[in-house]
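The structure is shown first, and the points follow.

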Amino acid sequence: MATTATPQAVEEKVVEAIAELGAERDEITRDATFESLDVDSLDIVELSQVIEDEFGVELKGEDAQRLKTVGDAIDLVVARAA
Amino acid sequence: MAREGAALVTGATRGIGAAIATTLASEGWPVGVNFRSDAAGAERVIAAIEQRGGQALAVQGDVSDPDAADRLCAQVEERFGPVMVLVNNAGVRADNLSPQIDDEDWRLVLDTNLSGPFRLIRRALRPMMRARFGRVINIASIVGQRANPGQANYAASKAGLIGLTKTVAAEVARRGVTVNAVAPGLVQTELAAGVDEQRFFEAVPARRAGTPEEVAACVRFLASEEASYVTGSTLTVDGGLTA
C-alpha cells in the first residue's frame with residue numbers, strides 16, 4: 001500500500017533514500033544540489049524507484065533529469081501525488 | 001552461492017536454455033524456468049533439477065508480450081526472492097533472404113529476441129541495483145557479429161542485443177551489476193535444425209557443433225562471483241569459427 005505523500009513524509013523518505021545512496025545526512029537539506037551531494041543520474045533513478053514504491057508516484061526520465069536540488073524532488077513528488 | 005534471490009532463464013525448456021537452467025541450479029540458485037508453450041518440457045527440466053537437490057519453478061510467458069517481464073519476475077520473486085541472475089535465452093528464427101522477410105517475421109524476431117530481453121533487463125535491474133549485485137547474461141549469436149545470409153532479422157536482433165549489453169553494462173557497473181553476452185556458433189539444438197551441417201563443419205576449426213552444456217559453462221562463469229570485473233563483454237563460443 002502506498003504511503004500518503006504529505007510534504008513531511010516525502011521529505012523524510014527522500015532524505016533517508018539519499019543518505020542510503022551515500023550522502024552525509026547533515027548535508028541533505030532542501031537547498032542542497034544533487035551535484036553537491038555527489039548524487040548522480042543513476043542515483044536519481046534509484047531514488048525515483050524508492051519514491052514510486054513508497055508513494056505510488058512515477059517519475060519519468062525527463063522529470064528526474066530536471067531535478068537540481070533535494071527540495072525540487074520533494075516538491076515534485078508532493079505535487080504529483082496531490 | 002550464498003546470496004539471496006534466484007535466477008530466471010527464459011526459453012528454458014530445451015537446448016541451451018535447459019542446460020543453463022540446470023547448470024545454475026547446480027550452482028545453488030533457485031531457478032525460474034520460463035516457457036512459452038511447452039509446459040511438459042518445463043516440468044522435465046524442473047524434475048531434473050529437483051532430482052539433483054535443486055529448486056525450480058515453471059513460469060509461463062511469451063517474452064514478446066510487453067506484460068511478460070513484470071509477470072515473470074514477480075512470480076519468481078514471490079517464490080524465491082528477487083531475480084539476481086537473469087539469462088535472456090529465449091529466441092526465435094524466421095529465416096529468409098531480406099527481400100522475402102515480411103513485416104510479421106521481422107516483428108516476431110525483434111520482439112522476442114531484443115524487445116523481450118530489454119523489458120526483462122529494465123524490470124530486473126531495480127532489485128539488482130538495490131542489492132548492489134546482479135548478473136545479466138544475454139544469449140546472442142555469432143550472427144550478431146558476422147554475416148549469415150538469410151538471417152537479416154535474426155542478425156539484427158542479436159547485434160542489437162550485443163549493443164544493449166554494452167550500454168546497460170556501462171550504466172550499472174558501479175552498482176556491482178554485470179551485463180554480458182554469450183555468442184554461440186552452431187550448437188546442437190532444435191533451433192539449429194536444418195543448418196547444412198557438412199558445409200558448416202568444414203568452416204569450424206573444431207570440426208563439430210558445440211553442445212548446450214558448453215554454452216551453459218560460459219553462463220555459469222559469467223553468473224559467478226568470480227566474474228565480477230567482466231562486464232559489457234561478449235564471450236564467443238563457436239569452436240573457433242569467427243577466430
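1. Helices (H or I, at least four residues) and strands (E, at least two) are DSSP runs, numbered from the N terminus. On this basis chain A holds 4 helices and 0 strands, in the order α-α-α-α from the N terminus.

2. The model is predicted: local features need pLDDT of at least 70 and side-chain atom pairs count only at pLDDT 80 or more, while totals for chains, interfaces and linings use all residues. Residues are numbered from 1 along each chain as its sequence is written, and chains are lettered from A and ligands numbered from 1 in the order in which they are written.

3. Along the principal axes, its C-alpha atoms fill a box of roughly 30 × 25 × 20 Å.

4. In chain B, strand β6 (residues 177-184) is largely enclosed by the rest of the structure, because 8 of its 8 residues are buried (20 or more other C-beta atoms within 10 Å of a residue's own, C-beta atoms being placed from the backbone). One side of β6(B) carries B:Val177, B:Val179, B:Ala181 and B:Ala183.

5. Strand β5 (residues 134-139) of chain B pairs with β6(B) in the parallel sense over 6 bridges; pairing requires at least two DSSP bridges. B:Val182 of β6(B) is the bridge partner of B:Ile139, and B:Leu235 in β7(B) is the bridge partner of B:Val182.

Note on methods. A residue is buried if 20 or more other C-beta atoms lie within 10 Å of its own, exposed if 12 or fewer, and partly exposed in between; C-beta atoms are placed from the backbone.
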